[in-house]
Amino acid sequence: MVLRLSGLSVTRRNRPVLHGVSLSLNPGEFVGLIGPNGAGKSSLMETALGLIPCTGTSSLATMPPAQRARHAAYLPQSRDIAWPVSVEDLVALGRIPWPGGGRGGLDRIAIDAAIARMGLEPYRKRTAQRLSGGEQNRALIARALAQDTPLLIADEPIAGLDPAQQLACLRLFRELAAEGRTVLASIHDLGLAARFCSRLVLLAEGHVLADGSVDAVLRDDLLARAFGITVRRVDTPDGPAILPV
Amino acid sequence: MRWLSVALPPLVAALTLASLLTGPAGLGMSESLHALAWGGDGPLPIVMRDIRLPRAILGAVVGAGLGLAGAALQGYLRNPLAEPGLIGISGMAALGAVIAIQTGLSLATPLALPLTALAGAAAGVGLLAALAGPRGGSVTLILAGVAISALAGAGTALVLNLSPNPYAANEIVFWLMGSLADRSLLHVWLALPPMVLGAALILPTRRALDALTLGEAAAQSLGVSAVALRWRLIAGIALTVGPATAVAGAIGFVGLVVPHVLRPWVGARPSALLPASALGGAVLLLAADIAVRLIVPERDLKLGVLTAIVGAPLFLRLIWKTRSGGRV
């Protein structure tokens, strides 16, 4: 088990946002977290990481901070980079939880591997803030890869990306899962979530409405309840295409 | 980065030496240094050991403290316009000093002024802790700092307003401008230990400040404890800025300008900027303190006035940069 959440409840500004959420993630899963805006997806991720106080337990939140940081990497929704650091220095931040802190020999190997995997070699010395949105996103993912954790938690990782970058990002997450890592990502595009994720969790108003295979979760009645929409589903050779109407 | 770490330490040493050799007495270099090292008869050892040495040490230490505190606060708040005065500690220290001048305490014993200034700084930290709370975000901290600065400013104005005679008011105004003239080794021993402790608290936060480049949530996910970092930095900045203000008065712009100028030279990494800014702050303040003695030797040009004159044009550069679409 990579992550176990049991009975998580969260109240923010006197408003309950999560109600007794329980969830277990296994190695090799790419889990898509879907649900309408305000369903509690970001809160669920932050609570799982122990970033916001809650009742219930998260196997991550109970770890000491440094150990937790070697177990789970987190890509927040905000892609703000405060200072004009180089791509290489940005990626090196992922090594902070490890003994070398970013300057050791093992750190160098992890940093170089992450930069190569995300195709960032030509941008290594460039200022990350001055890259395009897609390139910046790749640099931030490389930072999370350099952290070298069994679990990656990504909050809307494909929001704001062009279609090619979206596909590249989701393919990478699928590859990571195939390598035995676990990825938990919130995704708004139901069609892409259906094509790439091995499992979906549907969240609505702070409750887990459904958790399981793509077919079990993307049911008309569940989607109508969660989003208030009906969907047209067309099976294509590349996977299901889902059209909200 | 390598260039800076090679260039800055010798520059600090050279300027410290230059500071020791600058003064109205017009003494020769070799006899000055001989008197400083070996003592002897006559006024020379007194001039070197009791007047110039404290001034040179305080120039380096106060400058380094302000540079370090400024770089740390900018890194923590993720804002290049933050400066050590922002959290209100220096304002409260100044208020303490002003009260000492007003009440005549500063005439009773030379240490009364810096000690009341330190008490003011401590009161400022207490207020900051009460207002900003243990868990608030950086915006709460800034707001609390602004409130404390405003309160300290109002208190200082009130003391000036009620001052019994124009001489006391004059003395307060001149003290507020900041200076290193006529400080003794007692001032050094009063300021140095807390400032070293403050630096010892701030310097280990280097990688945590690096992690904050990605925002608070990402930094926490990298193992940074937000609450511990916050208190450590507040304590460290208070321990450097409080004593600095207590012995040198309110010297602005050093903590703002130095990190700003050096940032591009260290690849913008907060971890590299902290030591560089400490050295850079020492360079700037030593140079400014030599300049005030050389520009108008017959008039007492205040150090804080000079740093403001040097620092203000930086904002013109920033305005120029942001108007042409760049980031600050």
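1. The contact between the chains involves 20 residues of chain B and 23 residues of chain A, where two residues are in contact if their C-beta atoms, placed from the backbone, lie within 7 Å. This is a predicted model, in which local features need pLDDT of at least 70 and side-chain atom pairs count only at pLDDT 80 or more, while totals for chains, interfaces and linings use all residues. Residues are numbered from 1 along each chain as its sequence is written, and chains are lettered from A and ligands numbered from 1 in the order in which they are written.

2. On the side of chain B that touches chain A, the elements giving two or more residues are helix H10 (206-211) and helix H11 (216-221) of chain B, with helices (H or I, at least four residues) and strands (E, at least two) taken as DSSP runs numbered from the N terminus. H11(B) gives the most to this side, namely four residues.

3. Not counting residues up to four places away in sequence, Ala97(B) touches Leu113(B), Thr116(B), Ala117(B), Trp175(B) and Ala246(B).

4. UniProt, in an unreviewed entry, places the feature "transmembrane region" at several stretches of chain B, including residues 233-258 and 303-320; such annotations may be inferred rather than shown by experiment. Over residues 233-258 of chain B the model is 81% helix and 0% strand, with end C-alpha atoms 19 Å apart, whereas residues 303-320 of chain B are 100% helix and 0% strand, with end C-alpha atoms 27 Å apart.

5. Two backbone angles deserve a look. Arg78(B), in the loop between H3 and helix H4 (89-102) of chain B, has a positive phi near 55 degrees although it is not a glycine. Arg78(B) counts as buried because 20 other C-beta atoms lie within 10 Å, the cut-offs being 20 or more for buried, 12 or fewer for exposed, and partly exposed in between. Glu205(A), likewise not a glycine, has a positive phi of about 50 degrees and is found in the loop between strand S8 (199-204) and strand S9 (207-212) of chain A. Glu205(A) counts as partly exposed, because it has 16 C-beta neighbours inside 10 Å.
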